[in-house]
Amino acid sequence: IDTVRKFCTRAIWLDQGRVRQDGAVGAVTSAYMEDAVAGGRSAPVPAGMLNRFGSHTGAIRAVSCPGFWRWGEEIAVHVTAAVPREADPSGLSLSLAVSSREGMDLLVLSTAACGARLEPGQTQTVTFRFQSLFCPGRYSLAAGLERRDTTPITYYDYCEGIAWAEAGAAHPQFGLFHIPAEVEVHGETES
């Protein structure tokens, strides 16, 4: 999916030799992901959001973050989710992904990766903090309430494009990230 989104503006989804969908790469690849991961269980998509699916759509209640990220500053993204009572706590995770305009995941954080536990039957807010090392551009955020102990991942609620942020810097930068680095210049005086 990342490769298709990176290099294409249009996509055609073929299913057993028949055209399932033809159109803008974001819409087609989102529909494909929904079908492959969630078996086509989708929900109405609010304005501005790219896609939403899962067995408990609406479980992710809110995502808040600054709309502009200055290079080097700490960013805090707050995700509030009503965790279903029947959710198995052993594989339960809340994730946050930051993607390029083409839909390539650049940063993926999760409660599972840091050992934080979510409690079924509770509405909880998770704060993800990270340093913005993104070069200037527009970035999409996705949030997922999921079971990571299944293959493929089982989504209670997955929201792609739930929030958008613009990154900027004081000086021109190129690429996707501007990572702090040491640069040394060595030379000799010519006679």
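The largest pocket of this predicted model has a volume of about 370 Å³. Of the 22 residues that line this pocket, the closest to its centre are Met33, Ala97, Asp105, Tyr155 and Tyr158. Several elements give two or more residues to the lining, namely helix H1 (2-7), helix H2 (25-38), and the strands E7 (92-99), E8 (105-110), E10 and E11. Strand E10 gives the most, with 5 residues.

Strand E11 pairs with strand E10 (residues 137-147), and the two run antiparallel, joined by 11 bridges. Within this pairing, Gly137 stands opposite Ala167 in E11, and the two strands form a hairpin with 6 residues between them.

Two further strands also pair with E11. Strand E3 (residues 51-53) runs antiparallel to E11 and is joined to it by 3 bridges, with Phe53 standing opposite Tyr158; Tyr158 is also among the residues closest to the centre of the largest pocket. Strand E5 (residues 68-70), by contrast, pairs with E11 in the parallel sense over 3 bridges, and here Arg70 stands opposite Gly168 in E11.

Technical notes
Residues are numbered from 1 along each chain as its sequence is written. This is a predicted model: local features need pLDDT of at least 70, side-chain atom pairs count only at pLDDT 80 or more; totals for chains, interfaces and linings use all residues. Side-chain values use heavy atoms; hydrogens and water are left out. Two strands pair if DSSP finds at least two bridges between them. Helices (H or I, at least four residues) and strands (E, at least two) are DSSP runs, numbered from the N terminus. On a 1 Å grid over the protein atoms alone, a cavity is a set of points where a 1.4 Å probe fits but cannot get out, and a pocket is an open set with protein on both sides within 12 Å along at least five of seven lines; lining residues have an atom within 4 Å of a point. Grid points are joined across faces, edges and corners, and a volume is the space filled by probe spheres set on the points.
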